[in-house]
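I open the notebook on a single protein chain. The entries below follow the order in which I looked things up.

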Amino acid sequence: AVLRAKAYLLAGDMDAGRRAAALALKLSGAMPGNPLERELDVQGLLLRGAREAKDGEEGNRAAGSLLKAAGRLYPEGSPQRVPVLMEAASWYRFSSQFSRERKRLEEAIAILESTYGPQDRRLVEPLHDLGLSYIVAQEKPAQSAAALERALALCGQATTAEVAQRAAVLA
């Protein structure tokens with residue numbers, strides 16, 4: 001049922017895709033594995049389908065459902081929530097809902113900083129996206145510059161292990 005939903009959504013048939021996704025969600029309780037993980041997958045498919053179809057209402061509904069499913073599946077502050085937050089932020093950027101996008105990006109940044117520290121490279125993508133969000137919305141140029149500069153600085157950092165690995169390769 002999930003594959004059928006994906007096929008319909010990729011073909012641009014949102015109604016059939018929604019029906020197949022609803023069936024997949026109903027059947028997920030009877031299938032082995034975690035039904036919340038399947039719900040997360042289905043909501044992600046619906047969100048990607050909405051993007052392809054440029055369906056704002058369906059996209060907003062899917063983004064909200066995706067975030068709720070992640071909230072039920074992963075504990076607050078879990079780094080496993082970050083990909084879901086990034087996917088929702090991507091939808092909000094696509095649909096020009098910049099304040100919602102920034103809220104998700106800031107949440108992803110906070111989770112990554114608290115889990116891995118403020119110098120971790122996993123912060124590059126959400127910081128970059130946050131800086132671009134301010135630019136596209138033509139808001140807060142100082143915050144945009146700070147986020148982009150920080151992302152660039154993190155990109156340029158090499159850990160001691162990476163330097164040692166490169167030296168070993170070159171030796």
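With which residues is Leu127 in contact, leaving aside its neighbours within four places in sequence? I find Ile109, Ala147, Arg150, Ala151 and Leu154, where contact means heavy atoms within 4.5 Å.

**Entry 1: basis.** I note that this is a predicted model, in which local features need pLDDT of at least 70 and side-chain atom pairs count only at pLDDT 80 or more, while totals for chains, interfaces and linings use all residues. Residues are numbered from 1 along each chain as its sequence is written, and side-chain values use heavy atoms, with hydrogens and water left out.

**Entry 2: overall make-up.** I looked up the secondary structure and found nine helices and zero strands. Helices (H or I, at least four residues) and strands (E, at least two) are DSSP runs, numbered from the N terminus. Buried residues make up 39% of the 171 residues; buried means under 20% relative accessible area, exposed over 50%, and partly exposed in between (1.4 Å probe, protein chains only). The protein exposes about 9600 Å², of which carbon and sulfur atoms supply 56%. Accessible areas come from the Shrake-Rupley method with a 1.4 Å probe, and for residues only the protein chains shown count as cover. Among contacts between residues at least 6 apart in sequence, 54% join residues at least 24 apart.

**Entry 3: the nonpolar core.** I then searched for nonpolar cores, each a set of buried Ala, Val, Leu, Ile, Met, Phe, Trp, Tyr and Cys residues joined through side-chain atoms within 4.5 Å. The largest has 35 residues, and Leu40 and Leu127 touch the most other members. Two or more residues come from each of α3 (35-53), α4, α5, α6, α7 and α8. Helix α5 gives the most, with eight residues. In soluble globular proteins, nonpolar side chains tend to be buried together.

**Entry 4: helix α4.** I compared the span of α4 (residues 56-73) with expectation: at 1.5 Å a residue its 18 residues should span 26 Å, and its end C-alpha atoms are 25 Å apart, which agrees. The expected span is 1.5 Å times one less than the number of residues. The buried residues of α4 are Glu58, Gly59, Ala62, Ala63, Leu66, Leu67, Ala69, Ala70 and Leu73. Seen down the axis, they fall within an arc of 165 degrees, so they line one face of the helix; the arc is that of the directions from the helix axis to the C-beta atoms. On the other side of α4, Glu57 and Lys68 are exposed.

- Being four residues apart, they are separated by about one helical turn. Arg61 is partly exposed at 44% relative accessible area, and Glu57 is exposed at 59%.
- Asp129 and Arg93 meet at 3.2 Å, N to O. This pair links α7 (residues 124-136) with α5 (residues 82-94), 36 residues apart. Asp129 is buried at 11%, whereas Arg93 is partly exposed at 31%.
- Glu113 and Arg150 meet at 2.6 Å, N to O. This pair joins α6 to α8 (residues 141-156) across 37 residues. Both are partly exposed, Glu113 at 27% and Arg150 at 26%.

**Entry 5: Arg104.** I also recorded a network of salt bridges that links Glu76, Arg81, Arg104 and Glu107. Arg104 lies in helix α6 (residues 98-116) and is buried, with a relative accessible area of 16%. Not counting residues up to four places away in sequence, Arg104 touches Leu67, Leu85, Ala88, Ala89 and Tyr92.

**Entry 6: backbone angles.** Which residues did I note for a positive phi although not glycine? Ser96 has a phi of about 60 degrees, and Gln138 one of about 55 degrees. Ser96 is found in the loop between α5 and α6 and is partly exposed at 49%. Gln138 lies in the loop between α7 and α8 and is exposed at 74%. Most residues other than glycine have a negative phi.

Methods
Salt bridge = Lys/Arg side-chain N within 4 Å of Asp/Glu carboxyl O.
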